[in-house]
Amino acid sequence: MIRVLLAEDQHVIRGALAALLGLEPDLEIVAAVDSGDAALSAALVHRPDVAVLDIDMPGARDGLAAAAELRERLPGCRTLMLTAHGKPGHLRRALGAQVDGFLLKTAPPEDLVAGIRAVAAGQRVLDPSLAVTAWNLADNPLTPREADVLRLAASGADAAEIAARLFLGAGTVRNYLTAIVAKLNARNRTDAVRIASEAGWI
(Lines give C-alpha, C1' and ligand atoms only; values in the text may rest on other atoms or scores of the structure.)
Protein backbone atom coordinates (compact mmCIF):
# COMPACT_ATOMS: atom_id res chain seq x y z
CA MET A 1 0.00 0.00 0.00
CA ILE A 2 1.35 3.46 -0.99
CA ARG A 3 0.51 6.14 1.57
CA VAL A 4 -0.27 9.43 -0.21
CA LEU A 5 -0.51 12.99 1.09
CA LEU A 6 -2.40 15.36 -1.19
CA ALA A 7 -1.90 19.15 -1.03
CA GLU A 8 -4.09 21.32 -3.29
CA ASP A 9 -5.58 24.68 -2.31
CA GLN A 10 -8.71 24.43 -4.49
CA HIS A 11 -11.28 22.46 -2.51
CA VAL A 12 -13.11 20.93 -5.50
CA ILE A 13 -9.89 19.76 -7.17
CA ARG A 14 -8.52 18.40 -3.89
CA GLY A 15 -11.74 16.46 -3.27
CA ALA A 16 -11.84 15.11 -6.82
CA LEU A 17 -8.20 13.99 -6.67
CA ALA A 18 -8.71 12.33 -3.29
CA ALA A 19 -11.78 10.49 -4.60
CA LEU A 20 -9.99 9.42 -7.78
CA LEU A 21 -6.87 8.19 -5.99
CA GLY A 22 -8.96 6.49 -3.32
CA LEU A 23 -10.37 4.17 -6.01
CA GLU A 24 -6.94 2.61 -6.56
CA PRO A 25 -6.45 -0.58 -4.50
CA ASP A 26 -2.78 0.15 -3.76
CA LEU A 27 -3.14 3.85 -2.81
CA GLU A 28 -4.25 5.19 0.57
CA ILE A 29 -4.87 8.93 1.06
CA VAL A 30 -3.53 9.62 4.56
CA ALA A 31 -4.11 13.40 4.43
CA ALA A 32 -5.61 16.00 2.07
CA VAL A 33 -4.63 19.59 2.91
CA ASP A 34 -4.89 23.05 1.35
CA SER A 35 -1.45 24.66 1.79
CA GLY A 36 2.27 24.02 1.81
CA ASP A 37 2.39 24.76 5.54
CA ALA A 38 -0.33 22.19 6.24
CA ALA A 39 1.39 19.68 3.93
CA LEU A 40 4.59 19.80 5.97
CA SER A 41 2.73 19.44 9.28
CA ALA A 42 0.57 16.58 7.97
CA ALA A 43 3.58 14.79 6.47
CA LEU A 44 5.44 14.85 9.77
CA VAL A 45 2.40 13.30 11.49
CA HIS A 46 1.26 10.78 8.83
CA ARG A 47 4.63 9.86 7.25
CA PRO A 48 3.39 9.38 3.65
CA ASP A 49 5.36 7.51 1.02
CA VAL A 50 4.47 10.13 -1.61
CA ALA A 51 3.39 13.77 -1.26
CA VAL A 52 1.42 15.08 -4.26
CA LEU A 53 1.80 18.86 -4.08
CA ASP A 54 0.29 21.69 -6.09
CA ILE A 55 2.99 24.24 -6.86
CA ASP A 56 0.88 27.38 -6.37
CA MET A 57 -0.58 27.35 -2.86
CA PRO A 58 -1.15 30.13 -0.34
CA GLY A 59 0.81 30.52 2.87
CA ALA A 60 4.44 30.94 3.80
CA ARG A 61 5.37 27.83 1.78
CA ASP A 62 4.25 27.15 -1.76
CA GLY A 63 4.39 23.57 -3.01
CA LEU A 64 8.03 23.77 -4.06
CA ALA A 65 9.14 25.22 -0.72
CA ALA A 66 7.19 22.46 1.04
CA ALA A 67 8.83 19.84 -1.21
CA ALA A 68 12.31 21.14 -0.42
CA GLU A 69 11.61 21.11 3.31
CA LEU A 70 10.05 17.65 3.12
CA ARG A 71 13.22 16.40 1.46
CA GLU A 72 15.23 17.68 4.44
CA ARG A 73 12.92 16.69 7.27
CA LEU A 74 11.34 13.51 5.89
CA PRO A 75 13.78 12.05 3.33
CA GLY A 76 11.73 8.88 2.90
CA CYS A 77 8.81 10.86 1.45
CA ARG A 78 8.93 11.18 -2.34
CA THR A 79 7.44 14.30 -3.93
CA LEU A 80 5.31 14.67 -7.06
CA MET A 81 4.48 18.23 -8.13
CA LEU A 82 1.28 19.21 -9.94
CA THR A 83 0.93 22.47 -11.82
CA ALA A 84 -1.53 24.14 -14.12
CA HIS A 85 1.34 25.79 -16.03
CA GLY A 86 4.55 24.25 -17.31
CA LYS A 87 6.53 27.47 -16.87
CA PRO A 88 10.30 27.11 -17.21
CA GLY A 89 10.75 28.90 -13.87
CA HIS A 90 8.56 26.37 -12.07
CA LEU A 91 10.36 23.48 -13.70
CA ARG A 92 13.75 24.96 -12.84
CA ARG A 93 12.75 25.44 -9.19
CA ALA A 94 11.32 21.91 -9.07
CA LEU A 95 14.53 20.43 -10.42
CA GLY A 96 16.50 22.56 -7.96
CA ALA A 97 14.35 21.28 -5.09
CA GLN A 98 15.10 17.73 -6.30
CA VAL A 99 11.45 16.72 -6.57
CA ASP A 100 10.79 13.23 -7.84
CA GLY A 101 8.05 14.05 -10.32
CA PHE A 102 6.49 16.99 -12.16
CA LEU A 103 3.11 16.65 -13.90
CA LEU A 104 0.67 19.08 -15.45
CA LYS A 105 -2.88 19.14 -14.08
CA THR A 106 -4.07 18.58 -17.63
CA ALA A 107 -2.50 15.10 -17.63
CA PRO A 108 -4.92 12.15 -17.83
CA PRO A 109 -5.83 10.65 -14.43
CA GLU A 110 -4.05 7.41 -15.27
CA ASP A 111 -0.81 9.39 -15.72
CA LEU A 112 -1.15 10.78 -12.18
CA VAL A 113 -1.76 7.31 -10.76
CA ALA A 114 1.18 5.89 -12.74
CA GLY A 115 3.33 8.84 -11.63
CA ILE A 116 2.59 8.19 -7.95
CA ARG A 117 3.47 4.52 -8.35
CA ALA A 118 6.66 5.39 -10.24
CA VAL A 119 7.99 7.90 -7.70
CA ALA A 120 7.06 5.52 -4.85
CA ALA A 121 9.26 2.94 -6.62
CA GLY A 122 12.19 5.37 -6.74
CA GLN A 123 11.77 6.54 -10.33
CA ARG A 124 11.58 10.12 -11.57
CA VAL A 125 8.60 11.35 -13.58
CA LEU A 126 8.37 14.31 -15.95
CA ASP A 127 5.26 15.21 -17.91
CA PRO A 128 6.10 14.36 -21.54
CA SER A 129 4.97 17.81 -22.72
CA LEU A 130 7.63 19.39 -20.49
CA ALA A 131 10.54 17.31 -21.75
CA VAL A 132 11.57 19.86 -24.39
CA THR A 133 11.28 22.67 -21.84
CA ALA A 134 13.58 20.76 -19.47
CA TRP A 135 16.07 20.13 -22.24
CA ASN A 136 16.16 23.80 -23.23
CA LEU A 137 16.49 25.37 -19.78
CA ALA A 138 19.15 28.03 -20.11
CA ASP A 139 21.81 28.47 -17.45
CA ASN A 140 21.37 31.45 -15.18
CA PRO A 141 23.67 34.22 -16.45
CA LEU A 142 23.29 36.24 -13.22
CA THR A 143 25.80 36.08 -10.41
CA PRO A 144 24.35 35.49 -6.92
CA ARG A 145 24.86 39.18 -6.08
CA GLU A 146 23.12 40.30 -9.31
CA ALA A 147 20.21 37.99 -8.48
CA ASP A 148 19.99 39.56 -5.00
CA VAL A 149 19.97 43.05 -6.51
CA LEU A 150 17.31 42.15 -9.09
CA ARG A 151 15.16 40.35 -6.49
CA LEU A 152 15.10 43.54 -4.39
CA ALA A 153 14.41 45.67 -7.46
CA ALA A 154 11.50 43.34 -8.29
CA SER A 155 10.04 44.01 -4.83
CA GLY A 156 9.97 47.73 -5.66
CA ALA A 157 13.14 48.86 -3.89
CA ASP A 158 15.04 51.76 -5.47
CA ALA A 159 18.84 51.87 -5.85
CA ALA A 160 19.41 53.60 -2.49
CA GLU A 161 17.26 51.08 -0.62
CA ILE A 162 18.93 48.12 -2.38
CA ALA A 163 22.34 49.62 -1.52
CA ALA A 164 21.42 49.96 2.16
CA ARG A 165 20.01 46.43 2.40
CA LEU A 166 22.98 44.80 0.65
CA PHE A 167 25.64 47.07 2.20
CA LEU A 168 26.70 48.43 -1.19
CA GLY A 169 27.11 51.89 -2.63
CA ALA A 170 24.21 53.31 -4.67
CA GLY A 171 26.54 53.65 -7.68
CA THR A 172 27.49 49.99 -7.39
CA VAL A 173 23.81 49.01 -7.38
CA ARG A 174 23.18 51.10 -10.50
CA ASN A 175 26.17 49.37 -12.17
CA TYR A 176 24.74 45.97 -11.23
CA LEU A 177 21.33 46.92 -12.65
CA THR A 178 22.90 48.12 -15.91
CA ALA A 179 24.90 44.87 -16.19
CA ILE A 180 21.78 42.79 -15.46
CA VAL A 181 19.75 44.52 -18.18
CA ALA A 182 22.59 43.94 -20.66
CA LYS A 183 23.12 40.27 -19.68
CA LEU A 184 19.43 39.48 -20.08
CA ASN A 185 19.08 41.48 -23.31
CA ALA A 186 16.24 43.30 -21.59
CA ARG A 187 14.74 46.62 -22.64
CA ASN A 188 14.85 47.99 -19.10
CA ARG A 189 14.82 46.98 -15.43
CA THR A 190 11.15 45.95 -15.52
CA ASP A 191 11.79 43.72 -18.52
CA ALA A 192 14.83 42.22 -16.75
CA VAL A 193 12.64 41.35 -13.74
CA ARG A 194 10.09 39.71 -16.06
CA ILE A 195 12.73 37.69 -17.92
CA ALA A 196 14.49 36.53 -14.76
CA SER A 197 11.21 35.67 -13.00
CA GLU A 198 9.88 33.63 -15.90
CA ALA A 199 13.17 31.76 -16.14
CA GLY A 200 13.19 31.04 -12.40
CA TRP A 201 16.42 32.93 -11.75
CA ILE A 202 14.94 35.18 -9.05
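Q: What makes a residue a contact of threonine 79, and which residues does threonine 79 touch, not counting residues up to four places away in sequence?
A: Contact means heavy atoms within 4.5 Å. With residues up to four places away in sequence not counted, threonine 79 touches Ala51, Leu53, Ala67, Leu70, Val99, Asp100 and Gly101. This is a predicted model, in which local features need pLDDT of at least 70, side-chain atom pairs count only at pLDDT 80 or more, and totals for chains, interfaces and linings use all residues. Residues are numbered from 1 along each chain as its sequence is written, and side-chain values use heavy atoms, with hydrogens and water left out.

Q: Why is threonine 79 called buried?
A: The relative accessible area of threonine 79 is 4%. Buried means under 20% relative accessible area, exposed over 50%, and partly exposed in between (1.4 Å probe, protein chains only). The value of 4% therefore places threonine 79 among the buried residues.

Q: Why is threonine 106 called exposed?
A: Threonine 106 has a relative accessibility of 67%, so it counts as exposed. This residue is found in the loop between β5 (101-104) and α5 (109-120).

Q: Where does threonine 79 lie, and what defines a strand?
A: Threonine 79 lies in strand β4, which covers residues 78-83. Helices (H or I, at least four residues) and strands (E, at least two) are DSSP runs, numbered from the N terminus. The chain has 10 helices and six strands.

Q: What makes β4 and β5 paired strands?
A: Two strands pair if DSSP finds at least two bridges between them. Four bridges join β4 to β5, so the two strands pair; they run parallel. Leucine 80 stands opposite glycine 101 in β5.

Q: Why do β2 and β6 stand at the edges of the sheet?
A: The six strands form an open sheet in the order β2-β1-β3-β4-β5-β6, with parallel pairing. Each of β2 and β6 (125-126) has a single partner strand, so one side of each is left without a neighbour in the sheet.

Q: What makes a group of residues a nonpolar core, and how many residues has the largest one?
A: A nonpolar core is a set of buried Ala, Val, Leu, Ile, Met, Phe, Trp, Tyr and Cys residues joined through side-chain atoms within 4.5 Å. The largest has 25 residues, and those with the most contacts inside it are Leu5, Ala7, Leu53, Leu70, Met81, Val99 and Phe102. Helix α2 gives the most to this core, with four residues. Apart from it lies another core, of 22 residues, among them Ala153, Ile180, Leu184 and Ala199.

Q: Why does aspartate 54 count as buried?
A: Aspartate 54 has a relative accessibility of 4%, so it counts as buried. Aspartate 54 is found in strand β3. Its contacts include Met81, Thr83 and Lys105.

Q: What does UniProt list for Asp54?
A: An unreviewed UniProt entry lists Asp54 for "modified residue: 4-aspartylphosphate". UniProt positions are given in the numbering used here, feature names are shortened, and annotations may be inferred rather than shown by experiment.

Q: What are the domains of the chain, and how far apart do their C-alpha centres lie?
A: The chain is divided into domain 1 (2-137) and domain 2 (144-199), with bounds that come from an automatic or database domain assignment. The C-alpha centres of domain 1 and domain 2 lie 33 Å apart.
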